[in-house]
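Student: I would like to learn to read the features of a protein model. Where do we begin?
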Amino acid sequence: MASLSQLLADPSLGLRLVQAAPDDPQLSWVSTTELLDLARYLEGGEIVLTTGLALGGEDPRWRDFVAGLGRARVAAIGFGIGVNHERIPRPLVAAASDYRVALFEVPPPTPFIAVSKAVSALLRADEMRAAHQALQTHERLIEGARSSTDSASVLASIAQATGRQLALRGSDGSIVASTAGFTTAGRGRPDSPDAEIVPLDEDGAAQLLVSSGPPLGPEARAVVAAGAMVLGLHLRGERLEDERELQRWSRLSFALLNGELDPRTVSLLDPSLDLPAQLRAIAVQGASEQVGGWVRAARSGMDRLVTAGAPQGGGLSLAWQLCPVDDRSLEAALARAAAHDLDAVVGRAARVDRLPLSRNSATALLGSLSRRAALYASPRVPTVLRAEGEAPLLDALLSIAGGAISPGRASGASAAALSAAVLGPLSAHSARAGGSASAVRGDGPLDTGLDAAPDTGLDAEERETLRETLRCLLEHHGQRTPTAAALGVHRNTLRDRVRRIERCTGRIFDDPDARAELWLALRLEQQGPRA
């Protein structure tokens with residue numbers, strides 16, 4: 001900023017300082033006047049030039065004149081002698097001393113217009129200097145955007161150019177970086193409504209916070225804008241890298257769950273990570289937005305072994321996590337899921353080379369979770385189900401049918417064919433393939449005596465209704481009354497649905513062998529990882 005000392009140092013003007021101010025006043029403009037009450041027209045920082053035409057040498061109103069200018073925070077008073085007064089009036093000098101307002105003498109050879117031009121030249125030079133500094137700051141910021149300059153360095157450059165304290169707030173609301181004096185800079189705290197907020201992304205979640213203070217000039221504003229652009233680029237770059245890292249861990253976790261990858265390959269992503277001898281597969285289910293938030297949450301170490309969320313229909317999504325079998329790790333994983341209002345199913349512990357067994361045990365319980373997204377609204381107590389005990393025979397059957405344990409043994413096509421042969425039009429594989437039920441059902445092992453003609457009137461909604469009814473009926477051991485209560489339907493409605501299921505599958509539901517086949521067929525369809 002242009003200062004009074006710079007003006008007084010100009011030898012061509014011949015100005016003489018009579019009364020100094022406590023500091024070196026900064027100049028904003030020049031005002032020439034003979035008015036006694038000028039304060040209302042000033043903004044601060046002006047030099048007021050006067051010849052004292054309105055007052056005599058001993059007029060006591062000089063004191064009121066200086067008092068008003070002091071309240072207006074003028075930079076100085078310049079008194080032109082040789083026009084109305086041969087010297088600066090004594091009451092004016094005394095008042096300037098009392099109110100600590102700078103006072104200087106303008107000699108007769110120097111016109112007021114010369115003082116005005118000199119101040120204007122100082123202001124122009126200051127503007128050019130500020131513009132040059134802003135340009136240099138721009139260049140440093142842009143260079144930082146192309147290099148590995150961190151956010152803290154960008155904030156420091158902006159603070160140096162603007163004199164403000166700043167902070168970078170992340171999309172989660174936390175302060176990522178700040179200048180040293182931000183939290184103590186008057187009303188510049190992160191939670192202060194007076195801190196200026198500059199959004200850094202489209203949704204305004206990430207923000208640049210600028211502490212309050214005097215209005216910034218155009219050059220300083222340009223520096224803040226350039227800094228915000230660079231910080232926004234940094235954030236976008238970090239988010240892209242985080243997303244790529246998340247995808248890499250998701251693909252690895254999915255392959256481990258499906259038994260398609262040697263567990264030792266985890267060292268490719270993190271050489272310092274050693275998988276324990278056993279892990280558990282944990283399925284988490286909830287509203288798609290909540291599952292997405294759970295997947296994107298900050299993670300490290302073993303917590304990164306999660307899959308991306310997979311839509312399950314009706315606004316729900318499902319994702320998986322591989323977790324060490326110790327109680328501390330398990331409780332931490334369940335607490336994280338509960339914090340996002342997600343239900344969880346904990347699979348049985350399995351060796352790292354047989355993780356599909358843990359996944360299968362969790363999959364068997366997924367049908368017991370709520371399938372209505374509205375039920376996942378807060379507040380709620382998330383459901384946690386745990387697969388208990390071992391099922392070696394079932395695990396063996398599932399692995400042989402679907403090749404879950406050994407990726408080279410068989411393909412999932414065998415599991416699809418078996419389930420479609422039992423479930424007919426109710427098979428999820430048949431529905432996805434778009435083929436008729438009769439083409440994949442084949443003859444059942446039982447002579448049911450039923451009309452085995454396919455129920456060609458099924459649409460997607462009816463198929464899902466009958467599959468849900470079948471699953472619920474099997475979970476209640478074929479008992480109609482508790483099944484009807486669980487489904488919220490009348491017994492007559494349930495009876496009609498059972499009849500349609502029997503026609504679709506060609507199996508009498510009261511036969512235990514038929515129920516066993518239907519249950520295994522559903523389990524085969526659940527075998528593949530759902531996320």
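Tutor: With a definition. Two strands pair if DSSP finds at least two bridges between them. Keep in mind that this model is predicted.

Student: How many bridges join E8 to strand E9, and how do the two run?

Tutor: Four bridges join E8 to E9 (residues 207-210). The two strands run antiparallel. Valine 198 stands opposite leucine 208 in E9.

Student: In what order do the strands of the open sheet come?

Tutor: The general idea comes first. Strands of a sheet pair through backbone hydrogen bonds, either parallel or antiparallel. Here four strands form an open sheet in the order E7-E6-E9-E8, with antiparallel pairing. Strands E7 (175-178) and E8 (196-199) stand at the edges. Each has a single partner strand, so one side of each is left without a neighbour in the sheet. Neighbouring strands are turned by 25° against each other on average, direction ignored.

Student: Which helix packs on the sheet?

Tutor: Helix H5 (residues 151-162) does, touching strand E6 (166-169), E7 and E9. The direction of H5 makes about 145° with that of E6.

Student: Now the rings. How is an aromatic pair described?

Tutor: A pair of aromatic rings is described by the distance of the centres and the angle of the planes. The count here comes to two aromatic pairs. Tryptophan 62 and phenylalanine 65 form an edge-to-face pair, 5.8 Å centre to centre with 80° between the planes. Both residues lie in helix H2 (residues 61-71), three residues apart, about one turn of the helix.

Student: Are tryptophan 62 and phenylalanine 65 buried or exposed?

Tutor: The cut-off for buried is under 20% relative accessible area. Tryptophan 62 is at 1%, so this residue counts as buried. Phenylalanine 65 is buried too, with 4%.

Student: Why is the pair of tryptophan 62 and phenylalanine 79 edge-to-face?

Tutor: Planes over 60 degrees apart count as edge-to-face. The planes of tryptophan 62 and phenylalanine 79 stand at 70°, so the pair is edge-to-face; the ring centres are 6.0 Å apart. Tryptophan 62 lies in helix H2 and phenylalanine 79 in strand E4 (residues 76-80), so the pair ties together parts 17 residues apart in sequence. Phenylalanine 79 is buried, with a relative accessible area of 0%.

Student: Which residue lies over the face of tryptophan 294?

Tutor: Arginine 299 does, at 4.6 Å from the ring centre.

Student: And the protein as a whole?

Tutor: The secondary structure comes to 17 helices and 15 strands. Of the 531 residues, 45% count as buried.

Conventions: Residues numbered from 1 in each chain as written. Predicted model: local features only at pLDDT ≥ 70, side-chain atom pairs only at ≥ 80, totals over all residues. Heavy atoms only, no water. Buried < 20%, exposed > 50% of the residue type's maximum accessible area, 1.4 Å probe, protein only. Axes fitted to C-alpha atoms, helices over the stretch in contact; angles between N-to-C directions. Contact = heavy atoms within 4.5 Å. Phe/Tyr/Trp six-rings, centres within 6.5 Å; stacked < 30°, edge-to-face > 60°. Lys NZ or Arg CZ within 6 Å of the ring centre and 35° of its normal.
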